[in-house]
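Here are some exercises to work through with the model open beside you. Try each task before reading its solution.

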Amino acid sequence: MRIVLFMILGGLLPAGATLAQDLDAGRKVAGMCRTCHGLDGFARIPIAPHIGGEPSEYIKAQLYAFRDGSREHEMMTVVAKGLSDQQISDVANWYNHFEISTAFPTGKSGNDAPELCVACHGANGISEMPDAPNLAGETNIYIETQLKAFRNGKRNNEIMSPIAADLTDADIQAAGDWYNSIEIKITDPAKPN
Ligand code: HEC
Ligand code: HEC
């Protein structure tokens, strides 16, 4: 879908100028993110999430939340405070333009996914709605930290807070194990191969 749209828009704009410029601006901002999230959004440290191919609405919302203090993290709060609205929009477009593909672990299928989560996060951890994140391939430590933060009120969201409130430690670990077990590949559709 995204690839097709990219090609159609690319064909309508004079030599795809505007889109290419948008991506260039985003790539520059992503230079500040690469040591932790990679330039392609494949995380380089276990406590940081993969953000390549994430819905841009979700990326923007989280950067605003870190910037205004409604979500807190010692690293991201500092990073986000330095970003303008324009940079947030550019970097969200940059990370969103990647394609993410997934594979279930050997012998498993979508039927093995945690039932409570699939409507929004997909059985394979690819988000089914623009304001929910992908969970595919995220580390257990990242998934568990976030679910516990929703459960204890450190992170707040009208959808996730009540869901997490009902999860036991074992449920949280099972969800982390499942989504961590999904293998992901992040590729740049603007650069085939
Ligand atoms: C020093 C490491 C570091 C740098 C640099 C960094 N991040 Fe992060 N980022 C993290 C960590 C760690 C988290 C997880 C925070 C948490 O646990 O709440 C995170 C979380 C995020 C999230 C939330 C994703 C989600 O799934 O909820 C977004 C979006 C994000 N970073 C974007 C960026 C962008 C854009 C930049 C560059 C402008 C950047 N980060 C730079 C470490 C970093
Ligand atoms: C009705 C939709 C919905 C359901 C069902 C749901 N989620 Fe979520 N989830 C969301 C939304 C929306 C967010 C983004 C919250 C925010 O903006 O802070 C989210 C965020 C998360 C995050 C944070 C990820 C990140 O990148 O920071 C985790 C982890 C998560 N959900 C796990 C789960 C698990 C595990 C289940 C099943 C037990 C589940 N969710 C069920 C909608 C849902």
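**Exercise 1. Sort the residues of the shell around ligand 2 into nonpolar, polar and charged.**

Solution. Start with the classes: Ala, Val, Leu, Ile, Met, Phe, Trp, Tyr, Cys and Pro count as nonpolar, Asp, Glu, Lys and Arg as charged, and the others, Gly among them, as polar. Sorted this way, the shell around ligand 2 holds 17 nonpolar residues, 3 polar and 1 charged. A residue belongs to the surroundings of a molecule if its C-beta atom, placed from the backbone, lies within 6 Å of it. There are 21 residues around ligand 2, and Cys 117, Cys 120, Pro 133, Asn 157 and Ala 175 come nearest. Next, look for the elements that give two or more residues to this shell: they are α7 (118-121), α8 (140-152) and α9 (160-165). Helices here are DSSP runs of H or I with at least four residues, strands are runs of E with at least two, and both are numbered from the N terminus.

A word on conventions before going on. This is a predicted model, in which local features need pLDDT of at least 70 and side-chain atom pairs count only at pLDDT 80 or more, while totals for chains, interfaces and linings use all residues. Residues are numbered from 1 along each chain as its sequence is written, and chains are lettered from A and ligands numbered from 1 in the order in which they are written.

**Exercise 2. Now describe the shell around ligand 1.**

Solution. First, find the residues: of the 20 around ligand 1, Cys 33, Cys 36, Ala 48, Pro 49 and His 73 come nearest. Then find the elements: α3 (34-37), α4 (56-68) and α5 (74-81) each give two or more residues to this shell. Finally, sort by class: 15 residues are nonpolar, 5 are polar and none is charged.

**Exercise 3. Describe how α4 packs with α6, and α8 with α10.**

Solution. Two packed helices are described by the angle between their axes and the distance between the axes. Axes are lines fitted to C-alpha atoms, for helices over the stretch in contact, and angles run from 0 to 180 degrees between N-to-C directions. The axes of α4 and α6 come within 9 Å and cross at roughly 140°. Under 35 degrees counts as roughly parallel, over 145 as roughly antiparallel, 65 to 115 as roughly perpendicular, and the rest as oblique. The pair α4 and α6 is therefore oblique. For α8 and helix α10 (residues 169-181), the angle is about 140° and the axes are 9 Å apart, so this pair is oblique too.

**Exercise 4. Are Trp 178 and Ile 126 buried, partly exposed or exposed?**

Solution. Trp 178 is found in helix α10. Because 22 other C-beta atoms lie within 10 Å, Trp 178 is buried. Its C-alpha atom is 9.0 Å from that of Gly 125, 53 residues apart along the chain. Ile 126 lies in the loop between α7 and α8. With 18 other C-beta atoms within 10 Å, Ile 126 is partly exposed.

Definitions and conventions:
A residue is buried if 20 or more other C-beta atoms lie within 10 Å of its own, exposed if 12 or fewer, and partly exposed in between; C-beta atoms are placed from the backbone.
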